[in-house]
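Please look over the sequence and the model shown below before reading on.

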Amino acid sequence: MSAVLKKEFSQLFHSMIGYVCLAVFAAITGYYFFTLNLLAASGDVRGYFSSVANVIMLILPMLTMRSFSEEKKMRTDQLLIASPVSSFAIVMGKALATACFFIVCLLPCAAHMLWLFRFCNADLRLIACCAIGLLLTASAFLSIGLYLSAVTENQVIACVVTYGVLLAFWLVGYASTYVSIDWLRQFLYAASLLNRYSRFAMGILTFSDVIYALSLCCLFLFLCVNAFEKRRKS
């Protein structure tokens, strides 16, 4: 697992897409911090974290699209298939490498919060809750992106389909307002990552929201392992 992790992590820093994601994320989150907090002279981070979640939905598909699709395109996946490393270790190595790179992307957000503490009395509990929600939501996004990369052979298709699936999970709650069947309306509302993240962004940390994000993460990582294992056996 460690070998896969190191390889994937170094490749993200040796590819143009990695630096583009870093630059775009830093620029957009910096803009949000400047307009929502500095210009407004506000210590309320709810709007900031709500906006950052949308940026993460833009960035993560670009990071995950190459994880397996590029291996298939370059035929280097044969080395992974023939390696003695388990499918679980390979998938987790790639997932952890992408997660570590994403944490590097989040460093500007940490700097923004430190800057905020220096000049105003920011709510530490609210920031902690928002940060937990952000990491949990990003974990779900990442696992979905990895799975879709594992079942497609084209990076662009993997990226576009990931955008579509993430958008569906993000906005499915809006469909609940047009459904008259009570159980279906409740299901659609509960399935929405936007509704659950909104509670994190308001400083509300609930067990069900944490479990939902972790369940999505585990489910799609499990599907990713199965998809890679089937490719090994085919």
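The model is predicted, so local features need pLDDT of at least 70 and side-chain atom pairs count only at pLDDT 80 or more, while totals for chains, interfaces and linings use all residues. Residues are numbered from 1 along each chain as its sequence is written, and side-chain values use heavy atoms, with hydrogens and water left out.

**The cavity**

Rolling a probe the size of a water molecule over the atoms shows where empty space is left. Here a cavity is a set of points, on a 1 Å grid over the protein atoms alone, where a 1.4 Å probe fits but cannot get out, and its lining residues have an atom within 4 Å of a point. Grid points are joined across faces, edges and corners, and the volume is the space filled by probe spheres set on the points. The count comes to one cavity of 30 Å³ or more, and the largest cavity has a volume of about 40 Å³. Its lining is made up of Thr137, Leu193, Arg196, Tyr197, Phe200, Asp209 and Ala213. Two elements give two or more residues to this lining, namely helix H11 (193-201) and helix H12 (207-233), where helices are DSSP runs of H or I with at least four residues, numbered from the N terminus. The largest share, four residues, comes from H11.

**Salt bridges**

Two of the lining residues, Arg196 and Asp209, also form a salt bridge with each other. The table gives some of them.

| Salt bridge | Closest N and O atoms |
|---|---|
| Glu8 and Lys7 | 3.5 Å |
| Asp209 and Arg196 | 2.7 Å |
| Arg199 and Asp209 | 2.9 Å |

Because Asp209 lies in helix H12 and Arg196 in helix H11, their pair ties together parts that are 13 residues apart in sequence. Arg199 also lies in helix H11, so its pair with Asp209 ties together parts that are ten residues apart in sequence. Asp209 and Arg196 are both buried, where buried means under 20% relative accessible area, exposed over 50% and partly exposed in between (1.4 Å probe, protein chains only). Asp209 has a relative accessible area of 1%, whereas Arg199, at 21%, counts as partly exposed. In the other pair of the table, Glu8 is buried at 2%, while Lys7 is partly exposed at 35%. Salt bridges that share partners join Lys7, Glu8, Arg66 and Lys94 into one network.

**Nonpolar cores**

In soluble globular proteins, nonpolar side chains tend to be buried together. A nonpolar core is a set of buried Ala, Val, Leu, Ile, Met, Phe, Trp, Tyr and Cys residues joined through side-chain atoms within 4.5 Å. The largest one has 50 residues, of which Phe25, Phe49 and Ile56 touch the most other members. Not counting residues up to four places away in sequence, Phe49 touches Met113, Ile127, Cys130, Ala131, Leu134 and Tyr197, contact meaning heavy atoms within 4.5 Å. Apart from this core lies another, of 17 residues, including Phe68, Leu142, Leu221 and Ala227.

**Asn195**

Asn195 lies in helix H11 and, at 17% relative accessibility, counts as buried. Leaving out residues up to four places away in sequence, Asn195 touches Gly173 and Tyr189.

Terms used. On a 1 Å grid over the protein atoms alone, a cavity is a set of points where a 1.4 Å probe fits but cannot get out, and a pocket is an open set with protein on both sides within 12 Å along at least five of seven lines; lining residues have an atom within 4 Å of a point. A salt bridge is a side-chain nitrogen of Lys or Arg within 4 Å of a carboxyl oxygen of Asp or Glu.
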